[in-house]
Amino acid sequence: MKIFSGKAVFGGVAIGRISIYKKDEQQVKRIKVADVEAEINRYHEAKNTAIEQLEKLHEKAVKEVGEASAEIFEAHQMMLDDGDYIDSVENIIRTQEVNAEYAVAITGDNFSEMFANMDDEYFRGRAADVKDISERVVKILMGDESGSIESDEPVIIVADDLAPSETVQLDKDKILSFVTVHGSANSHTAILAKTMSIPAMIGTDIPLDDSVDGKMAIVDGFEGKVYVEPDEDTLEAKKKIVIEEQNKKALLEELRGKDNVTRDGQHINLYANIGNSKDLALVMKNDANGIGLFRSEFIYLGSDHYPTESEQFAIYKQVAETMAGKKVIIRTLDIGADKQADYFELPEEENPAMGLRAIRICLTRPEIFKTQLRAILRASAFGKISIMYPMIISVNEVREIKAIMAEVKAELDSEGVAYDKDIEEGIMIETPAAVMIAEELAREVDFFSVGTNDLTQYTLAIDRQNQSMDKFYDPHHPAIVKMLKIIIDSAHKYGKWAGICGELGADLSLTKEFLAMGFDELSVSPGRILPIRKIVLETNVAEYKKEKGLQ
């Protein structure tokens, strides 16, 4: 038995086989072949297999992230069938009498370089695509399936790290746990694990090689350890924990359908955070009152182009209809910092967390912003949608947003397009600046939602993506708690509601504190809804305040 340690970012115990996820550069050798026609046939078989894979990926992506984000897989199928590309591969095999892997790799390099050198921005963007399809075909020819989950049973994913866009392609039904060598507690891999309610670890000293790949293992997300090829005593002990956790979940299931009301009659809304339409099943399963944070940036991260109005509208409409009248709060584009989409061509910055991101991109590129606002407004005719703007630091920004929104509404009115004329508009409080002018901001908007991840980062002057700073990153810092009280009091002073949509909202040790402060809503990972509801139903807020000397 081998034991590897890391930092747990979501509790629980997972037992299963390890599947290493890595994107290796293929080492393609140039090999002389005797039968060139047989080699050409081998290439075509691999190409057809690649197209079949992409068709399946497209179907899965449509269900998980919508048609807009899935289009990339259709585009890749078309590129594989491109006549010039096929002619190049066949010509290299015939004239040089070489293996198909080499011919595909050379063609991929040549075409990629050709696209990269073009003046047209669109064609430059195709350079990465042609490399991607070439690598897929080479992998098939070499029998290499790294980067995908090839298993009939759910597995433990072990990786160096995972980018947000990579998680789109993973079959989430086949994932028991995430274990990464790098990454931070606030990475999107960690957030995905919390959304899926599965054990997850980061900063793990586990090798990414055959010494663990395919081996039976245990991930203990409570103690932050991975046991590879565990002995019988360890396996039996961990199985008991799994059974205990299942029993706890069964008890929580009894809370489904109950109102979120404390023993002394205080009500709070418990909403869910989601990243795409696939998460809706978890929202329903965990009985959330609505969606408090729809991270719309994942529509952009899963695409190789600016999502069109129609593409976005289809996704927002689906979510609104599925939630059947329950509130859906859509956060507008929050690209930048750790969430990068190449086609935005954002400038390199020394400190991107404090650079061009979120609402700053929207206000400097209003054409992108207007497209998203039109899509959201159109979808608001099909459900109860609210809009939330991230990274606000001034009243002037809010007023500028209002002016743009007025233009968009006027356009839709002139076109006779239906939308919710009284759509609720709120802002995220994520910076100390926003906290200090919370009263002024409360006069301008309908609600506040606190993004505690960034608020903690900016208040403590700590990069939350920097793993080496995890020791100093303290979301329970007294300054954060005091800021939360300022925010809720400012909102209520002007008759506005306020919630928390950051990770701190799911911290069960603070649930009673949030109730005592008077927060109207907590929006958390779906798996946290029922555990928080249990605390709410068991709490007498007046008694808690008296006990803590808060009255």
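Modeller: Let me begin with a pair of helices: α16 passes α17 in a right-handed crossing, where right-handed means that the near helix is turned clockwise from the far one by less than a right angle, and left-handed anticlockwise. Helices here are DSSP runs of H or I with at least four residues, strands are runs of E with at least two, and both are numbered from the N terminus. This is a predicted model, in which local features need pLDDT of at least 70 and side-chain atom pairs count only at pLDDT 80 or more, while totals for chains, interfaces and linings use all residues. Residues are numbered from 1 along each chain as its sequence is written, and side-chain values use heavy atoms, with hydrogens and water left out.

Biologist: At what angle do the axes of α16 and α17 cross?
Modeller: The axes of α16 (residues 452-460) and α17 (residues 478-493) cross at roughly 125° and come within 10 Å; axes are lines fitted to C-alpha atoms, for helices over the stretch in contact, and angles run from 0 to 180 degrees between N-to-C directions. The two helices are therefore oblique to each other, given that under 35 degrees counts as roughly parallel, over 145 as roughly antiparallel, 65 to 115 as roughly perpendicular and the rest as oblique.

Biologist: And which residues meet there?
Modeller: From α16, Thr 452, Leu 455, Thr 456 and Thr 459 meet Ala 479, Ile 480, Met 483, Leu 484 and Ile 487 of α17, with contact meaning heavy atoms within 4.5 Å.

Biologist: How many residues of α16 are buried?
Modeller: Eight of its nine residues are buried, so α16 is largely enclosed by the rest of the structure; buried means under 20% relative accessible area, exposed over 50%, and partly exposed in between, with a 1.4 Å probe and protein chains only. Those buried residues pack against β13 (424-429), α14 (432-436), β14 (447-450), α17 and β15 (497-500).

Biologist: What about Met 436, buried or exposed?
Modeller: Met 436, which is in helix α14, is exposed, with a relative accessible area of 62%.

Biologist: Which charged ends sit over a ring?
Modeller: Among them are Lys 317, over the ring of Phe 382 at 4.9 Å from its centre, and Arg 378, over the ring of Phe 313 at 4.0 Å; the rule asks for NZ of Lys or CZ of Arg within 6 Å of the ring centre and within 35 degrees of the ring normal.

Biologist: And the chain overall, how many helices and strands?
Modeller: The chain has 20 helices and 16 strands, and 54% of its 551 residues count as buried.
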